[in-house]
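I opened this notebook page to record what I looked up, beginning with the chain as a whole and then turning to a single element.

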Amino acid sequence: MQIRDLPYADPGTPDVRSGLRFLIWLGRGQLGGQFRALAWGLVHFGSVLALPYGVGFAVQAVVERSAGGLALAGGLLAVSGIAIALGDTMMHRATVTNWITAAARTQQLLARSTAELGNALTKRVAAGEVVAVSTGDVEKIGWFVEAASRFLAAALTIVAMVVGLLFYQPDLGLLVAVWVPVLALGVLPLMPRATRLADIQREKAGRATELASDTVAGLRVLRGIGGEELFLSRYRRASQQVRKAAVRSARMWALISALQVLLPGLLLVWVVWYGIGLVSAGRIDVGELVAVYSAVMLLSYPLRPVEEVAMAYSFAQPSARRAARVLSLERPQGGSAQGSRTRVSGTEASGAQPVGPAGGGADPADDVPTGGPRGDVPAGDLYDPASGLLAPAGSLTAVVCGDPDAAGRLAERLGGHPSETHGLPSVRLGGVELDALPRDSARTTVLVQDKDPVLLSGSLTELLDVPSSGMVSVTAALTAAECGDVLDALTQASLDGDPMTAPITERGRSLSGGQRQRLALARSLITDPEALVLDEPTSAVDSHTEARIGDGLRALRTGRTTVVFTSSPLLLDRADRVVLVRAGAVAAVGGHRELMLREPHYREVVTRDESAESPEATGSGTGMDMDMDMDMDMPVRERFAEEISRGLADRFTEAAADIEESA
């Protein structure tokens with residue numbers, strides 16, 4: 001595999017049983033590149049260790065006044081020099097190619113796994129760890145793959161040198177042969193501790209990265225509640241912990257490097273001292289002593305890859321373990337049709353029957369025909385057997401759930417292939433189990449927009465260039481999502497005055513929270529799926545804009561199934577059907593005003609007032625009386641705006657209290 005051939009058409013199926021097995025799998029996948037690097041490494045290191053013999057021959061030729069011997073030694077040195085340069089160049093080229101291809105394959109595998117897992121990834125692995133794996137860990141894995149072939153070449157060269165010295169000068173060669181294992185293995189007892197210190201450093205660095213990412217993502221909220229200093233002090237402490245861990249790790253690696261210099265130095269002193277004695281005794285020639293001395297002096301050069309591969313493995317092994325952990329994650333499979341029927345039967349037995357069009361206990365999605373106007377894409381009612389939630393086809397259904405986390409899980413389930421199934425049956429669209437469909441088909445059929453949609457960097461045209469039915473234009477989607485002021489702001493930021501070409505920064509940080517929400521909503525509307533699920537799509541916009549978005553959403557999605565998770569009275573009042581979900585099951589179904597009258601829990605969630613009493617208890621009679629009272633006090637829209645403002649104030653107060661408590 002050459003760099004010009006990247007990326008891989010298919011990166012393959014990795015062995016993720018352990019970090020070591022993953023590294024071996026990577027190495028086996030580039031045996032050709034490893035053998036090329038090994039061959040050129042043998043040429044390079046062999047030529048380096050041939051220099052002492054040339055020097056020794058030259059010295060001996062001078063002592064013996066042999067012109068022919070001196071010429072032969074000069075020729076050997078010249079050939080060695082050329083081979084050193086050529087071998088080093090080609091070895092470097094081959095090893096860097098191995099490094100880049102291994103890193104690229106790992107990144108492709110991570111990208112594929114990330115795309116398949118979706119939001120399930122960050123629910124199982126911390127965001128900081130995902131960033132560390134996809135950046136620093138990939139580099140360290142590639143480093144080990146690069147160093148492996150260079151180490152093998154150096155090791156074979158050292159063995160060949162020792163064998164050559166044993167034949168060339170047995171007395172000094174035996175001394176070198178005894179010391180070489182000490183040189184190569186002398187630092188191994190320190191490696192476990194060095195690895196542990198490096199792991200601690202990387203762990204603390206990952207936590208600091210995660211803290212920094214979370215702080216930047218929530219910077220606007222932090223400024224609003226005055227929590228900047230708290231998070232800044234937390235990051236300072238985390239940064240200092242990383243610094244201290246890095247210093248401790250660097251001290252250990254400095255000790256290892258010092259031993260790599262000290263041990264060859266001791267061998268060199270011993271060889272000189274012992275060799276001088278042999279020369280004085282007439283047992284060896286001066287040229288032989290010079291040759292052995294030069295060989296031992298150059299021995300530290302091929303020993304460097306030994307130290308390098310040990311260091312590379314100590315860094316790559318935990319990195320490969322983390323990468324293997326991420327690559328081993330899989331989305332759970334959804335429940336079967338039999339499981340769905342069993343779950344529904346159990347619900348009916350408990351007396352909490354799912355609310356269907358006929359109000360009966362049977363599965364309301366069973367009798368809906370499959371197939372729709374888009375070929376094999378199912379169409380019909382969207383039904384969740386686990387909770388009993390039913391969204392009739394072609395209607396706007398609002399779902400009220402007091403627990404935002406539970407609402408998010410339910411919204412994710414409605415899209416099929418959830419990150420966590422918890423043994424629950426699959427959601428059905430027109431009687432077809434979404435979990436039984438291929439994931440791409442399920443995502444095309446039902447689109448879920450979560451609470452925090454991501455805006456990628458680029459122009460507005462690129463942001464809105466998404467797969468769609470072609471039935472909804474960009475202008476219609478932007479109008480329905482009330483993006484007029486967003487377009488005005490982007491027009492000012494554009495160089496040519498066209499808002500569609502204006503740049504949008506990463507995650508839309510150059511926009512306000514409400515502007516990001518509306519652009520994300522417009523992007524979802526453009527796709528025009530058979531069923532659209534929106535989780536709190538207007539939580540960051542003002543009441544007047546929210547009311548207009550509700551009208552635009554209702555008009556644009558006419559004839560399409562739309563589910564909105566919200567507690568906003570402005571959106572609830574525009575829904576065809578409102579469903580109250582409590583403790584994971586449907587508790588009530590009706591219109592907004594109807595539920596406000598007869599459901600205390602619904603009234604408590606919508607008004608955010610735990611002391612909310614029923615209208616009967618306060619003397620309000622019918623729904624008409626309630627409307628008249630509201631008209632007498634203040635306009636309905638202003639009353640709703642007041643309720644929303646009070647709810648937001650309560651949320652900020654709770655967030656500030658949590659920050660003070662954690663401090």
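The entries below go from overall totals to one strand and its partners.

Entry one, the whole chain. I kept in mind throughout that this is a predicted model. I counted 23 helices and 12 strands in the chain, and I noted that buried residues make up 45% of its 663 residues. I then looked at contacts between residues at least 6 apart in sequence, and found that 76% of them join residues at least 24 apart.

I turned to strand 9, residues 531-535, and found five of its five residues buried, so the strand is largely enclosed by the rest of the structure. I recalled that side chains in a regular strand alternate between the two faces of the sheet.

Which strands pair with strand 9? I found strand 6, residues 446-449, running parallel to strand 9 and joined to it by four bridges, with V446 having A531 as its bridge partner. I also found strand 10, residues 561-565, paired with strand 9 in the parallel sense over five bridges, where L534 stands opposite V564.

I traced strand 9 through helix 18, residues 543-556, to strand 10, and recorded a right-handed β-α-β unit.

Methods
Residues numbered from 1 in each chain as written. Predicted model: local features only at pLDDT ≥ 70, side-chain atom pairs only at ≥ 80, totals over all residues. Heavy atoms only, no water. Helix = DSSP H or I, 4+ residues; strand = E, 2+ residues; numbered from the N terminus. Buried < 20%, exposed > 50% of the residue type's maximum accessible area, 1.4 Å probe, protein only. Contact = heavy atoms within 4.5 Å. Pairing = 2+ DSSP bridges. Right-handed = clockwise from strand over helix to strand, strands pointing away.
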